[in-house]
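Please look over the model below. The points that follow go with it.

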Amino acid sequence: MDRRKFLKGTALGLIALSSPISISAAGEATRLVPKRGRLNLSFKPYELKLRHSFNLAKYSRTTTPDVLVQLEYDGIIGYGEASMPPYLGESIASVCEFLGKLDLSQFTDPFRIEEILAYVDSVAPNNRAAKASVDIALHDLLGKIMGQPWYKIWGLSPEKAPNTSFTIGIDTAEVVRKKVDEAAPYKVLKVKMGLDNDKELVEIIRSKTDRPICVDANQGWDDKEKALEMCHWLAERNCLFVEQPMPKEKIDETAWLRERSPLPIIADEFLQRLPDVLRAKEAYDGINIKLMKSTGMHEAYKMAVLARSLGMKVMLGCMTETSCAVSAAAQLAPMVDWADLDGNLLIANDCFDGMKIVDGKVTLTDRPGIGVLPI
């Protein structure tokens, strides 16, 4: 593949999911001739279209850039995905550039997962979503070779998977009421906050339902005293926890808040990869693990195990993603206290069939790998 021509000329579109492909300068897909007994990587950009404008404390958007990945070995294909919301600092161009640097055909044994992912991690720093796309595809591939879903390979009990929250973004009163109605099947609501009308938003939701809520301020509360007042106010309104209330740089202020808050304080933007778990212990009650931050399932599993050993709460989250990445994350669901796995429900052009939410609960299937089928 000519990477420069790819980055210059590739058109956005749905990946041809039946077999590995290469992308021409005109954006046309052609079949790759796979190297037998070796890993073969292919990828293509995709744009996720949101059902509603996604409004947070710092920005608003209606689409999310995405790259869909295939990893083939002896005719078996694993699917992966890189989703790139703005704060990750990645783009379709950067993900494609990173993936274009990889030579996975050097590996003849896909089960050498530590060796393969160590190589992927070493190619360039950061690029976490790009690395996650390869990790997810590798896990899907290996699970299919073994004929088992990953929650079984990890020895997890699917009935222990929690309910998922459904996200209510910052919006007008009319749209918020509509979103609450749409969220009727879900037993927990996630409320995006961080602006001056936070209390008004909660009151609108409370006028419609008394279901438990969890709050994500997305670093929107700059003052620790105000943050503490909000935590007490929310505790009286059936709130379960507060996620990333203050800017990630304000570690001392967050630790001060954690000591006084009646609600658990959960790290999100503060936390990226495994070494950050120990740092989070200093200021947070728990962590929010997302595959696009952690470089994928392999490291996410290690993060959950470490957090548990430290007595911390564990939340499993996602970006706006297709059912590919959401289903990959769901394999970890039996390990966590809370799940926020609604990213595929927030888009209008999901191109996979994967894990389901049944009566508000994350429900895993016996499909091998990450449990997805291309649509």
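1. Start with strand S6, residues 165–168, in this predicted model. Both of its faces are covered. Ser 165 and Thr 167 lie on one side, Phe 166 and Ile 168 on the other, and all four are buried. In general, side chains in a regular strand alternate between the two faces of the sheet.

2. Next, the partner of S6. Strand S7 covers residues 188–192. S6 and S7 run parallel, joined by four bridges. Opposite Phe 166 stands Leu 189 of S7. To get from S6 to S7, the chain passes through helix H6, residues 173–182. This β-α-β crossover is right-handed.

3. Now two backbone angles. Most residues other than glycine have a negative phi. Asn 126 has a phi near 55°, a positive value, and is not a glycine. Look for Asn 126 in the loop between helix H3 (113–122) and helix H4 (128–146). Is Asn 126 buried or exposed? Its relative accessibility is 54%, so Asn 126 counts as exposed; the cut-off for exposed is over 50%.

4. Thr 295 is also not a glycine, and its phi is positive, about 75°. The loop between helix H11 (291–294) and helix H12 (297–309) holds Thr 295. Why does Thr 295 count as buried? Because its relative accessibility is 9%, and buried means under 20%.

5. To check by eye: find Phe 166 opposite Leu 189, then follow the chain from S6 through H6 to S7.

Terms used: Residues numbered from 1 in each chain as written. Predicted model: local features only at pLDDT ≥ 70, side-chain atom pairs only at ≥ 80, totals over all residues. Heavy atoms only, no water. Buried < 20%, exposed > 50% of the residue type's maximum accessible area, 1.4 Å probe, protein only. Helix = DSSP H or I, 4+ residues; strand = E, 2+ residues; numbered from the N terminus. Pairing = 2+ DSSP bridges. Right-handed = clockwise from strand over helix to strand, strands pointing away.
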